[in-house]
Amino acid sequence: MFCLILFSETCSVTGQIFFKHAMSGCVGSGKARRSLNLAAGVLAMTVGFFTWLTLLQRFNLSYLYPFEGLDNVILAFGACLFLRENMTRELWLGVILICFGTMLVSAT
Amino acid sequence: MEPQNEQHGFRLQNESHGIRRRFLHPYLQLSISIVLTAAAQIFLKIGVDIRLGTPGYGFLVSLWIWTGISAILLSLFSWLYALKSVPLIVAFNLAATNHILVAIGACAFLGEKITQQRWLGISLVALGAFFIARSSSRAEEKL
C-alpha cells in the first residue's frame, strides 16, 4: 500500500518537472520537444491522479493527505541528488520532520 | 448633460477596476489557490465515497469528482498568477498550511475522527514542509 502511495507522489512530482520543462525550458529546443514534455507531464499527472483516487476510496483523507508532504521531500532530495544542491540544515530538519510526521500518522 | 454622464460612467468603470484589482491581488489569489486545493481533496473524497458501491472507475461520472477536478485546475491558475509577483519561497511557506486546512476540512465536512497522535503527525508534516520550502523553491527555480 505504501508503494502505491509513493508511486502516486512520484508521478505527481515527475509531472510537475515535465510541466516546468515544457513551460520554461530551453528556448533553443523545438516545438516538438516542448509538446513531448507537455504530453509526458499530462500522462504522469493523470496516472498519479487515478492512483490517488483509488487510494482515496480506501483510506480516510486525514490519513492519506499527510503523505503529500513526501512530495516536497522527493523534490528537494532529488534536486540534491541530480542538481548537486547543497544539503542545508533546514532541508535535513524538514525531511526529518515530514518523515516523522507521516510515520506518526501511518501508525494510527 | 452628456459630460456628466460620461464622468459617471468613468467613475463606475474606475470602481469596478478597483474591485478587480483587489481581487487580482497576488496574496488573495494565493490564499484562494490554497483554499481551493484543500477543498478539491474534500470534493474528491466525497465523490469516491458516494460511488463506493460501483467497482472500478464508475465514480468518474460523479459530479463531486468533476467539481474537485475543476477546483484543482482553478487553484493551479491562481497559483501561477500569484507566482508572477510572490516569491516562490513565500508561496511554498504559505502552502504548507494546506495540511492543516485539509485536516480541519476532513474533520468538519467528512466527519473523520482525528486522534491526537494524527494531529501531531499532521502538524509535524506541515512544519517540515515549512522548513523545506527554501530548498524546494530553489529546486523549482533550477529545474
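The contact takes 33 residues from chain A and 34 residues from chain B. The model is predicted.

Visitor: Which elements of chain B each supply at least two residues of the side that touches chain A?

Guide: Those are α2 (26–50), α5 (98–109) and α6 (116–142) of chain B. With 18 residues, α6(B) gives the most to that side.

Visitor: How does the side of chain B that touches chain A divide into nonpolar, polar and charged?

Guide: The residues on that side of chain B are 20 nonpolar, eight polar and six charged.

Visitor: Switching to chain A. How many helices and strands does chain A have?

Guide: Chain A has five helices and zero strands. Along the sequence the pattern reads α-α-α-α-α. Its C-alpha atoms fill a box of roughly 50 × 35 × 15 Å along the principal axes.

Visitor: What share of chain A counts as buried?

Guide: Of its 108 residues, 34% count as buried. As for contacts in chain A between residues at least 6 apart in sequence, 71% join residues at least 24 apart.

Visitor: Into which domains is chain A divided?

Guide: Chain A is divided into domain 1, residues 1–58, and domain 2, residues 60–108. The C-alpha centres of these two domains of chain A lie 19 Å apart.

Visitor: How many residues of domain 1 of chain A are in contact with domain 2 of chain A?

Guide: Seven residues of domain 1 are in contact with seven residues of domain 2. On the domain 1 side, α1 (2–24) and α2 (31–58) of chain A are the elements giving two or more residues. The most comes from α1(A), with five residues. That side of domain 1 divides into four nonpolar residues, two polar and one charged.

Visitor: What about the largest nonpolar core, which residues touch the most other members?

Guide: B:A129 and B:I132 do, in a core of 49 residues. The element that gives the most to this core is α2(B), with 11 residues.

Visitor: Why does the core lie between domain 1 and domain 2 of chain A?

Guide: Because domain 1 (1–58) and domain 2 (60–108) of chain A both give residues to this core.

Visitor: And B:A129, what is it in contact with, leaving aside neighbours within four places in sequence?

Guide: From chain A, B:A129 is in contact with A:G69, A:N72, A:G94 and A:I98; from chain B, with B:A96 and B:H99.

Visitor: Two of those fall in α5(A). Which residues of α5(A) are buried?

Guide: The buried residues in α5(A) are A:L91, A:G94, A:V95, A:L97, A:I98, A:G101, A:T102, A:L104 and A:V105.

Visitor: What should helix α5 of chain A span, at 1.5 Å a residue?

Guide: Helix α5 of chain A has 18 residues, 89–106, and should span 26 Å. Its end C-alpha atoms are 26 Å apart, which agrees.

Visitor: Which residues is A:T102 in contact with, apart from neighbours within four places in sequence?

Guide: In chain A, the contacts of A:T102 are A:P66, A:F67, A:G69 and A:L70; in chain B, they are B:G121 and B:V125.

Visitor: How many residues apart in sequence are A:T102 and A:L70?

Guide: A:T102 and A:L70 are 32 residues apart in sequence, and their C-alpha atoms are 8.3 Å apart in space.

Conventions
Residues numbered from 1 in each chain as written. Chains lettered and ligands numbered in written order. Predicted model: local features only at pLDDT ≥ 70, side-chain atom pairs only at ≥ 80, totals over all residues. Domains from an automatic or database assignment. Contact = placed C-beta atoms within 7 Å. Helix = DSSP H or I, 4+ residues; strand = E, 2+ residues; numbered from the N terminus. Nonpolar A, V, L, I, M, F, W, Y, C, P; charged D, E, K, R; others polar. Buried ≥ 20, exposed ≤ 12 C-beta atoms within 10 Å, placed from the backbone. Expected span 1.5 Å × (residues − 1). Core = buried A, V, L, I, M, F, W, Y, C linked by C-beta atoms within 7 Å.
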